[in-house]
Amino acid sequence: MREDLEQLKQRIPLLEYLQRHHWTSSRVTAREEFVGLCPLHPDTRPSLYVNARKNLFYCHGCQRGGDLIRFVELSQHLSFRESLACLKQYLALSAESELLAKTTAFYQMLLHRDS
């Protein structure tokens, strides 16, 4: 089970997940650290820090932090098991979307080639 959790977290980087959910950030330094408004509470100043290398977050406003699974728990108000199911569904939808994009690109190439 622990290995499955680590694989899930590696397959979905926290920063990528946040950005796909319209989180805007700015790089703090040359390191892999980003800051932006925290979606977990009303925020007027950037307080959510994400370390992309460690795949962790911490908010200085609400003092919450953790990994991707913890973020989904807090943001979606889900249990641990529900969060895992949500992330597995997210992976499936991402895979379907990627397949659709590749298929579309393939048929567009064929269409242009035959024109």
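Start by selecting Glu6 and Lys9: their side chains form a salt bridge, with the closest N and O atoms 3.3 Å apart. (A salt bridge here is a side-chain nitrogen of Lys or Arg within 4 Å of a carboxyl oxygen of Asp or Glu.) Glu6 and Lys9 sit three residues apart in helix α1, so about one helical turn separates them. Helices (H or I, at least four residues) and strands (E, at least two) are DSSP runs, numbered from the N terminus.

Before moving on, some housekeeping. This is a predicted model, where local features need pLDDT of at least 70 and side-chain atom pairs count only at pLDDT 80 or more, while totals for chains, interfaces and linings use all residues. Residues are numbered from 1 along each chain as its sequence is written, and side-chain values use heavy atoms, with hydrogens and water left out.

Now colour by accessibility. Buried means under 20% relative accessible area, exposed means over 50%, and partly exposed is in between (1.4 Å probe, protein chains only). Glu6 is partly exposed at 33%, while Lys9 is buried at 16%.

Lys9 is in helix α1 and Asp67 in the loop between β5 and α3, so the pair ties together parts that are 58 residues apart in sequence. Asp67 is buried, with a relative accessible area of 18%. Show all three side chains and you have a network of salt bridges linking Glu6, Lys9 and Asp67. A search of the whole structure finds five salt bridges.

For another one, pick Arg27 and Glu32, whose side chains meet at 3.8 Å, N to O. Both are partly exposed: Glu32 at 38% and Arg27 at 45%.

Next, switch to cartoon view and look for the sheet. Five strands form an open sheet in the order β1-β2-β3-β4-β5, with antiparallel pairing. (Two strands pair if DSSP finds at least two bridges between them.) The edges are β1 (26-27) and β5 (65-66), each with a single partner strand, so one side of each has no neighbour in the sheet. Zoom in on β1 and β2 (residues 33-36), which pair over two bridges. Select Ser26 and you'll find its bridge partner in β2 is Val35.

Time for the rings. Select Tyr17, Phe57, Phe71 and Tyr90, which form one aromatic cluster. Rings of Phe, Tyr and Trp (its six-membered ring) pair if their centres lie within 6.5 Å; planes under 30 degrees apart count as stacked, over 60 as edge-to-face and the rest as tilted. Phe57 and Phe71 have ring centres 5.4 Å apart and planes at 85°, so they are edge-to-face. This pair links strand β4 and helix α3, 14 residues apart. Phe57 is buried at 4% relative accessibility, and Phe71 is buried at 4% too.

Last stop: the largest nonpolar core, with 25 residues, where Ile12, Tyr17, Val50, Phe57 and Leu87 have the most contacts inside it. A nonpolar core is a set of buried Ala, Val, Leu, Ile, Met, Phe, Trp, Tyr and Cys residues joined through side-chain atoms within 4.5 Å. The largest share of this core, five residues, comes from α3. Finish on Leu87: not counting residues up to four places away in sequence, Leu87 touches Leu8, Ile12, Tyr17, Leu68, Ile69 and Val72 (contact means heavy atoms within 4.5 Å).
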